[in-house]
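Here is a short briefing on a protein chain.

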Amino acid sequence: KLLQDVQGIIAPENPELWNNKGVVLITQGAREAKKEAQDIKITDALYCFQTATEKDPAYAPAHFNLSCCYYGMGHLESSEAAVCKAISVLKENPGHTSSLSGLYLPSRCDSFKVELERLTFSYPDPNQLHIEKTELVLWRFYDLLGDIYFKKGALALARKSYEQSVEKQP
């Protein structure tokens, strides 16, 4: 039984495996000194996130990470589409918040990391923790969407997204 469980985790069909590989690659890319090396890592990460979303279209962290890649590459339309998909998928399938380790969170997201840790230790009731984690993830998703709109110059949409983010912020 344990062997079957382990094989399911490391199987190439597992979206979490592809997603986590992408997180490692994008993190490595952010640390590269040369732009060419960064671009290669980000392109490889993009492929991994796309593969994860193909393996499981309801896996919200991969859509979010895909959006982060596109955002970093300056592809704002693609970034917007991916984060909107992440939001709708998470609202439809809040169970995927169990794997928050699969979110790419650069250092500017430290407040998110602190809140996640606080939540984890604050709610002994798993159902309440699940609800709070979903709200926390939506906070980060709407925040990225606001950043995208702001960069596109769509200030009214940016404001609306930031307001939605604040509503979700714990």
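The chain has eight helices and zero strands. Here helices (H or I, at least four residues) and strands (E, at least two) are DSSP runs, numbered from the N terminus. Along the sequence the pattern reads α-α-α-α-α-α-α-α. This is a predicted model: local features need pLDDT of at least 70, side-chain atom pairs count only at pLDDT 80 or more, and totals for chains, interfaces and linings use all residues. Residues are numbered from 1 along each chain as its sequence is written, and side-chain values use heavy atoms, with hydrogens and water left out.

**The whole chain**
- Buried residues make up 41% of the chain's 170 residues. Buried means under 20% relative accessible area (1.4 Å probe, protein chains only).
- Take the contacts between residues at least 6 apart in sequence: 63% of them join residues at least 24 apart. Contact means heavy atoms within 4.5 Å.

**Helix α2**
- Helix α2 covers residues 15–31, which is 17 residues.
- From first C-alpha to last, α2 reaches 25 Å, close to the 24 Å expected at 1.5 Å a residue. The expected span is 1.5 Å times one less than the number of residues.
- Pro15, Trp18, Asn19, Gly22, Val23, Leu25, Ile26 and Gly29 of α2 are buried.
- An α-helix has 3.6 residues a turn, so residues three or four places apart point the same way.
- The buried residues of α2 pack against α3 (35–55) and α4.

**α2 with α4**
- These two helices, α2 and α4, pack at about 25°, with axes 10 Å apart. Axes are lines fitted to C-alpha atoms, for helices over the stretch in contact, and angles run from 0 to 180 degrees between N-to-C directions.
- α2 and α4 are therefore roughly parallel (an angle under 35 degrees).
- The contact is made by Asn19, Val23 and Ile26 of α2 and Pro61, Ala62, Asn65 and Cys69 of α4.
- By class, this contact of α2 with α4 has five nonpolar, two polar and no charged residues. Ala, Val, Leu, Ile, Met, Phe, Trp, Tyr, Cys and Pro count as nonpolar; Asp, Glu, Lys and Arg as charged; the others, Gly among them, as polar.

**α4 with α5**
- Helix α4 (residues 60–73) and helix α5 (residues 76–92) pack at about 165°, with axes 8 Å apart.
- α4 and α5 are therefore roughly antiparallel (an angle over 145 degrees).
- The α4 side of the contact includes Phe64 and Tyr71, and the α5 side includes Leu76 and Val89.
- The contact of α4 with α5 has eleven nonpolar, four polar and one charged residues.

Terms used: Angles under 35 degrees count as roughly parallel, over 145 as roughly antiparallel, 65 to 115 as roughly perpendicular and the rest as oblique. Buried means under 20% relative accessible area, exposed over 50%, partly exposed in between (1.4 Å probe, protein chains only).
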